[in-house]
Amino acid sequence: MVEKCGSDVGGETMVVVAPTAGDHPHQLGLGGGVRVVDGPAPPVDLLEVVGETGKQAATPRVLVEGFAVLEPPVDAAAAAERADDVAALLAAFGNHLHERTAHHLGYPYNLDFDFSVLAQFQNFSINNLGDPFIESNYGVHSRQFEVAVLDWFARLWDLQQDEYWGYITNCGTEGNLHGLLVGRELFPDGIIYASHESHYSIFKAARMYRVECVKIDTLVSGEMNCADFKSKLLQNPGKPAIVNVNIGTTVKGAIDDLDRIIRTLEKCGLKDRFYIHCDGALAGLMMPFIKQAPKVTFKKPIGSVSVSGHKFIGCPVPCGIVITRLEHVKVLSTDIEYLSSRDATIMGSRNGHAPMFLWYTLNKKGYKGIRKEVQKCLRNAHYLTNCLKEMGVSASLNALSNTVVFERPRDEAFVHKWQLACEGSIAHVVVMPNVSIEKLDGFVEELVAKRSSWHEGKEFRAPCVAKDIGAENCLCGQHNKKSRIGQGFQRIG
C-alpha cells in the first residue's frame, strides 16, 4: 500500500511505500511528516519515487519525510514524545544500515571493523589542522597517531622519515588532488596524462587546476595502452608530463604498468621532465602483500602515492593517505600565523579521529594480518568468477585483482539491492575482507534465478560483452557455442 505525499518533483508524484512496523525509519513521522500505511516492507528502498504511471523519475531527490529538522517542543509532554520518536527513528535507521551492509557488494569498502574501544574519544573535537609534523596552537589533535601511520606507509613504499612528507586526507580524491597539485606546481606548463578508466577525480583535478588533460586509450583489461601513451606524448614534445598511474582502476581493477610507463617517458625524451602520481585507492594497499605483484616504490622516479583508508583497511569515516617526497612539497608549503604552523594540505581542518582508526587497525592486524586478508580476497574473487562462469554468466577477473566484472543485470531493483556498480553493459563486485563465501553463494543463486525470469517465455541469449571483458571471457552465442543459462546453482570448491 502507498500514500501520496503533497509535493511533486519535476512533475512526478512522490509516493511513499510504507513497511511493516520496525523495519525502516521513514515510518516515523516526527510531528506529522509521514503517515504510516500498513504493508509489506520493500526489499531495498526506504522511499521510492515513481511517476503517475509507475515510471521511475529520471533524477529523484532523496526524500526527507520523517527526517525533517524541527524546533524542540516547549511542552514537556510533547518534548518527551519527540525524544521517543527520535530514539525510535535512530533505531530503525540502524536496522536499515544493517540490512544495507548485508547486501553490499559493488563498492570497495571493508565493512568489517570494530572501533568500540575508541568510542571514548567521540566526546572530543579532534582536529589535525595544518601540517601534521608541526604542532599548532590548537591542542586537541592526534598528530602522534597521524605521524605514526604516515611513517608506516612511508616504509611500505621505501621512503625514509627524512625523505617524505604526507598527511591523512579526508578521502582518496583529496589524495589525488594533492598529488596532481604537486605535479602542477613543479611543472606549471605540464600536461596531465591519464587513462580513460582513471577515477573521475583525476579529471576533476584537471578542471580545477585548469591544466590540459590528455586521455589515454586502454586495453580491454582496463590497463593503460602504452602505445597510445607514447603517441600522445610525441604530439606534445615540448611539454612536461604529469602522469596518473592507476594501481587498480575503478571499474575493472586493472593495474597500469608503472615500469613501462617510466620507460616510455624516458624514450620520448622526457627524462627529469615528468611527474608520476600513483592512484592506489584500493589496490595500492594490496600490491605490497602479493609476491608476484609489480612493486610500487619511491626507489623508482615517482612523485606521490595515495590510498584510501576506508577501503581495504576499513574505517567508519572516509579517509585516505597521501605520501610525497619532502623536496617536492616545499612548492606548496606556506606559514600560517593564525595556526602558528605551516600548511601544504588541500583542506584546512582535518578529521583527527581518522588517524586513530587507522593506527588502531594497523597495530591490530600488522603485516601478517593484512597479507592474510589480501590472500582471502583474491581467493574469493576467483571463486566468484568461477561460479558465475559455471552458471553461464560472462565474467572476468584481472590478475592480482579482487574486482570481478560481469554482464550487467537487466533488473535495476536487483542492482540496487546488491549495490552493484555498473558502467555500460557491465557491472562488478569488489570482493572485500568482509565478503564471505556464503554471501557470494547467495548473490550468485539469486542472480541465476532472476536471470531466468528476465527471459521467461523467450529464447535466452547471453549478451555479448566481449568488447568490455574480452572474447575469451564472453559466453554469448558468438563467442561460446555451449553457452546456456544456468538451471540451478551448485557451490563449487
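Predicted model: local features only at pLDDT ≥ 70, side-chain atom pairs only at ≥ 80, totals over all residues.
User: How far apart are the C-alpha atoms of Pro-463 and Ser-394?

Analyst: Ser-394 is one of the residues that Pro-463 touches. Along the chain the two are 69 residues apart. Their C-alpha atoms are separated by 8.4 Å.

User: Is Pro-463 buried, exposed or partly exposed?

Analyst: Buried means under 20% relative accessible area and exposed means over 50%, with partly exposed in between. Pro-463 has 25% relative accessibility, so it counts as partly exposed.

User: Now to helix H2. What span should its 14 residues have, and what distance separates its end C-alpha atoms?

Analyst: H2 covers residues 143-156, and at 1.5 Å a residue it should span 20 Å. The distance between the end C-alpha atoms agrees with that, at 20 Å.

User: How many residues of H2 are buried?

Analyst: The buried residues of H2 include Arg-143, Glu-146, Trp-152 and Phe-153. Their cover includes strand S4 (164-169), strand S9 (304-308), helix H7 (310-314), strand S10 (320-325) and helix H9 (353-390). H2 is mostly covered, and the count of buried residues among its 14 is 10.

User: How many aromatic pairs are there in the whole structure, and what geometry do Phe-145 and Trp-359 have?

Analyst: A search of the whole structure finds 15 aromatic pairs. For Phe-145 and Trp-359, the rings are 4.9 Å centre to centre with 90° between the planes. Planes over 60 degrees apart count as edge-to-face, and this pair is edge-to-face.

User: Which helices hold Phe-145 and Trp-359?

Analyst: At 25% relative accessibility, Phe-145 counts as partly exposed, and Trp-359, at 33%, also counts as partly exposed. The pair ties together parts that are 214 residues apart in sequence, because Phe-145 lies in helix H2 and Trp-359 in helix H9.

User: Which residues do ring pairs link into a cluster?

Analyst: Two members, Trp-152 and Phe-153, are among the buried residues of H2. Ring pairs link the cluster of Trp-152, Phe-153, Trp-157, Phe-289 and Tyr-367.

User: One last thing: what percentage of the protein chain is buried?

Analyst: The chain has 12 helices and 16 strands. Of its 493 residues, the buried ones make up 53%.

How values were computed
Residues numbered from 1 in each chain as written. Heavy atoms only, no water. Helix = DSSP H or I, 4+ residues; strand = E, 2+ residues; numbered from the N terminus. Expected span 1.5 Å × (residues − 1). Buried < 20%, exposed > 50% of the residue type's maximum accessible area, 1.4 Å probe, protein only. Contact = heavy atoms within 4.5 Å. Phe/Tyr/Trp six-rings, centres within 6.5 Å; stacked < 30°, edge-to-face > 60°. Lists of a residue's contacts leave out its neighbours within four places in sequence.
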